[in-house]
Each structure stands twice: as structure tokens, then as C-alpha cells.
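Good morning, and thank you for making time for this. I would ask you to keep the structure open while I go through its contacts, cores and charged pairs.

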Amino acid sequence: MFGDALPRRPEARRLLAATLFSATGRGLTLPFMFIYLTKVRDVPASTAGLIIAWMAVCALVIGPVGGWAVDRFGARRIVLPMLLVEAVGVGSVGFAHTHWQALLSVTLIGAGGGVIWAANTTILSSVTDGLERQKTFGLNFALLNLGIGTGTVIAGAIVDLDRPGTFQVIYLIDAALYLVPFVNLLTMPGVGRRLAPATTDDQATRLRQPGYREVFAHRGFRRLLAFSIVLTISGYAQIEVGFTAFAIDVAQVGPQTVAYAFTANTLVIVLAQLFVVRVIQGRSRTILLSVVGVIMAASWLILGVAGAIDGRHAAASAVAVIACAAVFAVGETLLSPINPTLLNALANDELRGRFNALGSMVWGASGIVGPITAAPLIGGGHSSIWLALTVAGCLTAAVLAASLRKVITAEQDGRTAAAGPAEVGDDDAVRVAVER
């Protein structure tokens, strides 16, 4: 299955290998920033939370600019310097002794991450075709989780709250691993260049260049964006704060059980992703996205069972909490290859960077909305309302995905084999802009 999922072009394979290295570095530091700021640098918990939230805000703000820059100058010209910017930000976190220094570091991280993720998606879609793109995105997600899981295990054996130098080590290693995708892309001069041909000055004065207005004019993209927003707010945005708070405060399990749940989540993704990618080939992407919404709603209902047990049977509560994370992971294995593939099937080369930028901005927005909705509800004793809202949100996303089928072509939906790079589709506003 691994061989079947590997893309044909060596450039795409090298990009996947770089993902594994950079994800391992990300895993070294991902679980520890809040702990590092509060326990090692004595930053107040409320301030540390604002610092981390600021990182998401920076990524959200710079996203549209990054999408425009990718379309205007080519992804490689944007990714290469931003990899260095984010590396500096990550490495400097280990030496941030005050909250102002930490704020500067996360600003660099947010600025880099807000551009790099969408730009990398654009690059990966440019070196794969319609037939293998879905497999490649699925494999990329599996390698991402494998790297993060590996990095987390390594960091757990290194860090020590009584030795600040151990945190400096993991942040410096994480920063150094940014050089792997940097050197990788630098040595592939033909990859990541501007996809649409440049226009002359005379053409630019005669014709208004298509931009975000044309992207939002695409009916299929608007529907897919609505699905993504609802699903991420009701799903991904709740897994870190809402899931953890509900498991500990309502289901009354210990932190170790929560750690086991996240481990189960990662294992399901790594072990099942390639099998799932193989099964979904040739099937309707919109129907599968609907299934994702149903699966994630079911995972929250399983968590509700853990809360209903209310600690009376500790083993049963623990099993339900872990099962919630594992079932949620099944939805992730479906979503990860389908969502970016469908988005890039709707896009065209002239606007691909903008399409991907808006698609990735959803994650930044949900990262802000999720914590500020889950914490007050669960902390205020309204866990049943939080649970009902998350389940309803996931089911609403399922309905939105099903309705998307009516406004896109069979080829974009994955029900027919793509002969080549996908066109924008049936939206007149975008098509006219491209033809001009």
C-alpha cells in the first residue's frame, strides 16, 4: 500500500520525505510551549495563553497576503525565506526569558506558518496529477502524524522542568530541522515556480487581474469553505481544549488516560491512512466528506457516554475517552486526502495559491474560536450544551458536504478519472477571468 501511495515524480517523493523530517521537529516542541512558558519561564498562565493565541492570529492575518504572493511570484520564492523566518522564531523560543521576547518569537512562527502550509500544499499539488493527488495528500498526512508522534516521544525523554537547557535543546533541534525542507526545495529549481504565465505591463493595464473576488465567486468553493469552517470549529478546534476539559472534568479520567487517547489517535492515523486512501479511490469525495461529519459526530457521542458514566466505572470511562479519540482519527484519515484534493480540483493555476491560502486560514480561525467556546461552557458546568453543539455542528457539516455534490462536476467529485490538471469548474465569474 505504501508503494501504491507513492507519487511517480521524484520531486513529490522528496517533498514527502521533507515533511517527515520537519514534522519530527514540530513534534519535539508542539506539546511543550505552554508548559515551557509557565513552568520554566514563569509566565502567568493567562499571559501564556494569549501569547499562544497571538501566534494563531498572526497566521490568520498573513494568510491572504501569502496566497496572493504565491500566485504572483511563485511558491518557492515565498516558502524559502519564510522557512528561515519560522526557524528563527522556533529557535528563539528556547531563549525567551520574558513574555515580550516570547511574543516576538511566536510572531515569527505565526507569520511563517501562516504562509508555508498553504504554499506547500500548492507545491505538492503542482507535482502530482488528478489521479495520484488524493493518495499523495493522504500519505503526506500519515507522515506528518508519524513525525509528530516520533518527535513527541523523543522530546519526552529529553525535557526536564528543572533544567531549562533541555527545552533550549528541543527548540534548537526543531529550528535546525527546518533546514531539511529549505535545502530540499532549494535543490529543486524547477519546483514551486509560478504556475500561471506572467502578464505583460500592457496586459495588466488593459485587464484587471483575477483575485480573491473571483475565488469567492466560485459556488463550489464557497460551499466547501462553509463545510470546512463548520467542521473544524465543531471537530478539530475542540479536540485540544474541549476534549481534554470534558475528559478530565466531566468523565473524570486522569491526564494519563488523555495521553493514551492522543496516542491512540496518532496510531490509528499512521496505521490506517494508507488503507483508507486505497479504499476511497474513485468514490464520491462529497459523500465521503459527509461521512467524515457523521464519524466525528459519533466520536463526540462516545465521549458523551464517558461523561454519562461520570467516574462511577473508571475503566469504562477511560475506554470511552480513548475510543472517542480513535474514532475521531478515522474521520481524519478520510478528511486529510479528500479536502485538499477537492479544493485543488476546484482551483486553477492562476488562483491556486489564493484557494489554498483561504483553505488553510480555516484552521487558524478554528484555533481561535475553539478554545473560547469550549472553556467557558465546560468550565461553567454546561458540558451538555457543549456536547450538543459539537454533535450538531458535525452533522451540519455533513449536510453541507452532501449539498456540494450538486454544484461541482463528476470529475471534481472524484467519480471519474482526471485526464490532467483540474480546471476551475462551472463558475462563470472565475472562468471568464481566466480566459481573459
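Predicted model: local features only at pLDDT ≥ 70, side-chain atom pairs only at ≥ 80, totals over all residues.

**Contacts, cores and pairs**

Setting aside neighbours within four places in sequence, Thr 257 is in contact with Ala 318, Val 321 and Ile 322, where contact means heavy atoms within 4.5 Å. Residues are numbered from 1 along each chain as its sequence is written, and side-chain values use heavy atoms, with hydrogens and water left out.

Thr 257 has its place in helix H15, residues 255-280. Helices here are DSSP runs of H or I with at least four residues, strands are runs of E with at least two, and both are numbered from the N terminus. Is Thr 257 buried or exposed? Thr 257 is buried, at a relative accessible area of 15%. Buried means under 20% relative accessible area, exposed means over 50%, and partly exposed lies in between, with a 1.4 Å probe and protein chains only.

Let me turn to Val 321, one of the partners of Thr 257. Beyond four places in sequence, Val 321 is in contact with Phe 243, Ala 247, Ala 251, Val 253, Thr 257, Ala 261, Leu 303 and Ala 306. Which residues touch the most other members of the largest nonpolar core? They are Phe 243, Trp 300 and Val 321, in a core of 61 residues. A nonpolar core is a set of buried Ala, Val, Leu, Ile, Met, Phe, Trp, Tyr and Cys residues joined through side-chain atoms within 4.5 Å. Helix H17, residues 314-346, supplies the largest share of this core, with twelve residues. Another core, of 46 residues, lies apart from it and includes Ala 12, Leu 37, Met 55 and Ala 111. In soluble globular proteins, nonpolar side chains tend to be buried together.

Ala 12 brings us to helix H2, where it is among the buried residues. H2 covers residues 10-29, and its 20 residues reach 30 Å from the first C-alpha to the last, close to the 28 Å expected at 1.5 Å a residue; the expected span is 1.5 Å times one less than the number of residues. Other buried residues of H2 include Leu 15, Leu 16, Thr 19 and Gly 27. What do the buried residues of H2 pack against? They pack against helices H3 (33-40), H6 (99-126), H7 (133-158), H8 (164-177) and H9 (179-186).

Next, the aromatic residues. The structure holds nine aromatic pairs. Rings of Phe, Tyr and Trp (its six-membered ring) pair if their centres lie within 6.5 Å; planes under 30 degrees apart count as stacked, over 60 as edge-to-face, and the rest as tilted. Tyr 36 and Phe 167 form a tilted pair, at 5.4 Å centre to centre with 35° between the planes. Tyr 36 lies in H3 and Phe 167 in H8, so this pair ties together parts that are 131 residues apart in sequence. Elsewhere, ring pairs link Tyr 236, Phe 246, Trp 300, Phe 328 and Trp 386 into a cluster.

I come now to charge. A search of the whole structure finds seven salt bridges, each being a side-chain nitrogen of Lys or Arg within 4 Å of a carboxyl oxygen of Asp or Glu. In one of them, Glu 132 and Arg 8 meet at 3.6 Å, N to O. Glu 132 lies in the loop between H6 and H7 and Arg 8 in the loop between H1 (2-5) and H2, so the pair ties together parts that are 124 residues apart in sequence. Glu 132 counts as buried at 8% relative accessibility, whereas Arg 8 is exposed at 56%. A further bridge joins Asp 413 and Arg 405, their closest N and O atoms being 3.6 Å apart. Here Asp 413 is buried, with a relative accessible area of 0%, and Arg 405 is partly exposed, with 32%. Salt bridges that share partners also join Arg 8, Asp 129 and Glu 132 into one network.

I close with the backbone. Asp 42 has a phi near 55°, a positive value in a residue other than glycine. Asp 42 is found in the loop between H3 and H4 (45-73), and it counts as exposed at 61% relative accessibility.
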